[in-house]
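Hi,

Here is the structure I promised to pass on.

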Amino acid sequence: MDAIISSLFTPIGEDGMIGILLILSGLKVTLTVTFFAMILGAILGVLTTLMGMSERWYLRWPAKLYVGVIRGTPVVVQLVILYFIVLAAMDVDKVTAAIIAFGLNSGAYISEIIRAGIQAVDKGQAEAARSLGMSHSLTMREVVLPQAIKNILPALGNEFIVLLKETAVIGFIGGVDLMRAGEIIRSRTFEDVVPLLTCALIYLLLTYSFTWLLGKFEARLKQSD
C-alpha cells in the first residue's frame, strides 16, 4: 500500500495501472472492514440484547448506556475518538481500529434490531417454556432467539449495506479505503470526475449486488415457510 501511494508522486502511466491498483487496495480494505465489523457487531448485538432484557439491573443499565451513547453520536466521531484517544497508546493499525469502531457502532443497532425481533415473537411461547422449568436465559437461547433471528434477517442484511457505505469515513484516521483511494488519485492527478465517479459506481454496484443477494435469500426463506 505504501509503495502504491508513493508511486503517485510520479505521473501515472497511460494505462492508469497505479490508480487501478490503489482502487483495488482500497476496495479490499472497505470489504475487510465491513465483513469483520459486521461479525463483531452481530456478537455484540446478541450480547447487548441479552443484557438489556435481563432481569438483573446491573446487566440492563450498561447495555442501555452502550446503545444510547453509540446511537447518540456520529460514527465518524466514534472512529476518531477510538483511534486517536482510546487506542492511542496501543500499537493498533488503522484497519483493526476501523473494524473495532464500526463493530461497536453496528452492535448497538443490531441490538435494537434483535430486540424488536424478540418482541415480535409470541409471548405465550416464552411463558410455556418458563412453565416447563426453563430459566430466562435458556428460554431466550433455545426458544425465542431462533425465531427472532429468522424474522430479522432482512433487517440485518440492510444493516450490512448501511455499514458498507459508512466505512467511507475511514480516511478520517488515515486509512486508505475505497473513498480515500479515490481522493488520493484525485489530489495527484488533479482530475475530479473519473476517480470520484469510479468510487461512486463501485459502491453502487456493491450495494445493488448485496441487495439482490438479500432478496434471493428472503425468497428462499419464504419458500421454506
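What share of the contacts in the protein chain with a separation of 6 or more comes from residues 24 or more positions apart? The answer is 72%, where contact means heavy atoms within 4.5 Å.

Before the rest, a word on what you're looking at. This is a predicted model, in which local features need pLDDT of at least 70 and side-chain atom pairs count only at pLDDT 80 or more, while totals for chains, interfaces and linings use all residues. Residues are numbered from 1 along each chain as its sequence is written, and side-chain values use heavy atoms, with hydrogens and water left out.

The overall picture: the protein chain has 9 helices and 0 strands (DSSP runs numbered from the N terminus: H or I of at least four residues for helices, E of at least two for strands). Its C-alpha trace spans about 75 × 45 × 25 Å along the principal axes. Of the 225 residues, 36% are buried (under 20% relative accessible area; exposed is over 50% and partly exposed is in between, with a 1.4 Å probe and protein chains only).

Now the inside. The largest nonpolar core has 32 residues; such a core is a set of buried Ala, Val, Leu, Ile, Met, Phe, Trp, Tyr and Cys residues joined through side-chain atoms within 4.5 Å. At least two of its residues come from each of α2 (17–52), α4 (75–86), α5 (94–120) and α7 (136–166). V33, L79, A98, F102, I114, I118 and V144 have the most contacts inside this core. Leaving aside neighbours within four places in sequence, V144 touches I118, V121, A126 and T139.

On the outside, F35, F36, I39, I43 and L47 make a nonpolar surface patch with about 490 Å² of accessible area together. Patch members have over 30% relative accessible area and no salt bridge (a Lys or Arg side-chain nitrogen within 4 Å of an Asp or Glu carboxyl oxygen); nonpolar side chains are joined within 5 Å, like charges within 9 Å. Areas are Shrake-Rupley values with a 1.4 Å probe. F35 sits in helix α2 and counts as partly exposed because its relative accessibility is 38%.

Finally, an unreviewed UniProt entry places "transmembrane region" at residues 20–53, 65–89 and 193–215, though such annotations may be inferred rather than shown by experiment. In the model, residues 65–89 are 76% helix, with end C-alpha atoms 25 Å apart. Residues 193–215 are 100% helix, and their end C-alpha atoms lie 32 Å apart.

Cheers
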